[in-house]
Every structure is written in structure tokens, then in C-alpha cells.
Amino acid sequence: MTRLLKALVSAKQLSQVMRSQHPGMGLQVLDVIPYPSKGDPRKDFEKQHLPGALLFDVDECRDKSSQFPKMLPSAEEFSQYVGNLGISSQTHVVVYDRSELGSFSAPRVWWMFRVFGHSSVSVLSGGFKKWLNEGHPVSSEIIKPTPKEFQAILNKSWVAKFEDMMKNIESKQYQVVDVRAASHFHGPEQQPSKDEKKGLIIPAIDVMLGHIPGTKNIPYYKFLNEDGTMKTEVQLDDLLKENGVDLNKPLIASCWAGVTACHLSLAACLLDKEYVKIYDGSWSEWSVRANTEHIIPKGTEKTM
């Protein structure tokens, strides 16, 4: 189907499309959880959300049989979850979340749709925060969607596994960028950022801190402006080049659980790179399965 919107859409653009759409136009907005919050995301959604939005819970749409927290569900599971939201192959999906930074888990859902073969999906730049700040309408109406048929086909070439990451340590075929906060990446010697101190970044989980050998670090919030919107293409290009990332070469993104890594995938898409592999297990898997010599700094433990 013809896309209604590009990969990244502004609050103004989405508002205009929502006002002008007619029945059967095929637009569905999704309010994505979880995100860093001291409250109850579900209650926040019930209180107010974008008109017509439905809730998408990443913790529900995942491989629940895995010991790791956010692994992709099977194609069948994704098809059922998405179909139950009334989404078909003809639907254009727009995702957002409520992170105070403007974006957290929405790019993960954007990537999930794409990796399962649905390219008609966009991220709301600046998320709910920007939508509210611009004074666009909200609603408390809870809609019960009519289930539709959705057929997902997993593109395995867009997903990196633990074994792929192990091979890459020797081959160095792929550049690897970890988008966790610097204090998570470098370990306890690194001072927390201002956003971590304000509680806007999820604190390090009780796992070994550090990173995969040869990995570069660009915290995901570096892709965002102060108002929560995504940086311009020129700014994104400069950011990647400043950190030694070449978009003309193969690239893998990692984080703690494969969620915020998708900010890098979105940024690369805006710069016309078709895809970035996502290490689905990311640090939550690597810190458990890798040998200590493959964890930098070696043997550094999280202290509570």
C-alpha cells in the first residue's frame, strides 16, 4: 500500500492527517509502553491519549518463553497480537510513547513492524510530550478494535543473535554501536549523565556492567533534541560521523534489551540506510552468556 506518512512524522503532520482522514483510510495510532515512569502507564493511557489510539505493550508482545526480557515474538504471535488491535497489511501505523525525553520504546515497535514485513509505519517525533506541548487534542475514550488478519513474515537478516556477535569479535565485519547510557556502557567509573540523575533514563539493572569488545557508544538520547523530537538528518549524520560510524558499512545496534537500539535504526533509516541489524538479546543476554574476557571492563559488577 502507499504510505500515508514517512518514517518520522511531526505532531503537526499527524494532527492534519487525523483531521482529514475518512473511514477506511487505514490509519492506526499506537501508544507504546513501557517507558521510564514512576506511575502506571496503563492508567496514564486510560486518562488521556491521542484520539483513536490503542495501547501496544512490548512486554506482552514478546517471546515469553525466553529468559531474556524483550526478545522478538514469533511471526505467528506478532500476527495475532497486531491483528487483535484491528491492524491489517493495509493499515498505516503511527507509534509514540510518553517518555519525558520524547522517545523510548516507540522506535522498537516501529522496528518490529518493519522486521515482520510491514513498512507502512511511522514514529511520532517528540512523542506524547510534543503532542501535548503543541496543544493537539487528546481523548480518554477506550476503543475496542475489531480483529483483522495480519500476516507477519520475519526478516531474519535484520536480527543479530549471540552467535553472530561472537563471530563479529574476530571478523569485525560489522560496526557495533551500543546506545545505552555511558555509565552503563563504561561501568561504575563513569559518572551518570544529567538525565540519569533526573530519573529520565532507566537505571542499570542488577547485571554486570560494561560492553562488548570493539563496540562504540552513542547513548540513544543523543539522537533527540531538548524538546524530544528527533534531530535533523544533518545533525544525525554529523553525530554518527563524530563517533566513527560509517553508514556505508554493515552496522549492528545494541542496548540493554533491544529496545532503545532501535533509535539508531530509525536514525539510519532517515539517512537512507535500508536497515541496521538489531542485537535482539543485547546486553541482557551478552552479560549472562559471554565469557568474562568478552566483557569490557572485565569483571566489573553492579553494586547495590
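Visitor: Why is Lys172 called exposed?

Guide: Lys172 has a relative accessible area of 62%. Exposed means over 50%, buried under 20% and partly exposed in between, with a 1.4 Å probe and protein chains only. So Lys172 counts as exposed.

Visitor: How do you know what to trust here?

Guide: This is a predicted model, where local features need pLDDT of at least 70, side-chain atom pairs count only at pLDDT 80 or more, and totals for chains, interfaces and linings use all residues. Residues are numbered from 1 along each chain as its sequence is written, and side-chain values use heavy atoms, with hydrogens and water left out.

Visitor: What makes the phi of Lys172 worth a look?

Guide: Most residues other than glycine have a negative phi. Lys172 is not a glycine, yet its phi is positive, about 55 degrees. Lys172 sits in the loop between helix H6 (162-171) and strand S7 (175-178). Helices are DSSP runs of H or I with at least four residues, strands are runs of E with at least two, and both are numbered from the N terminus.

Visitor: What joins Ile33 and Pro34?

Guide: A cis peptide bond, with omega about 5 degrees. Most peptide bonds are trans. Pro34 lies in the loop between strand S2 (27-33) and helix H2 (41-47).
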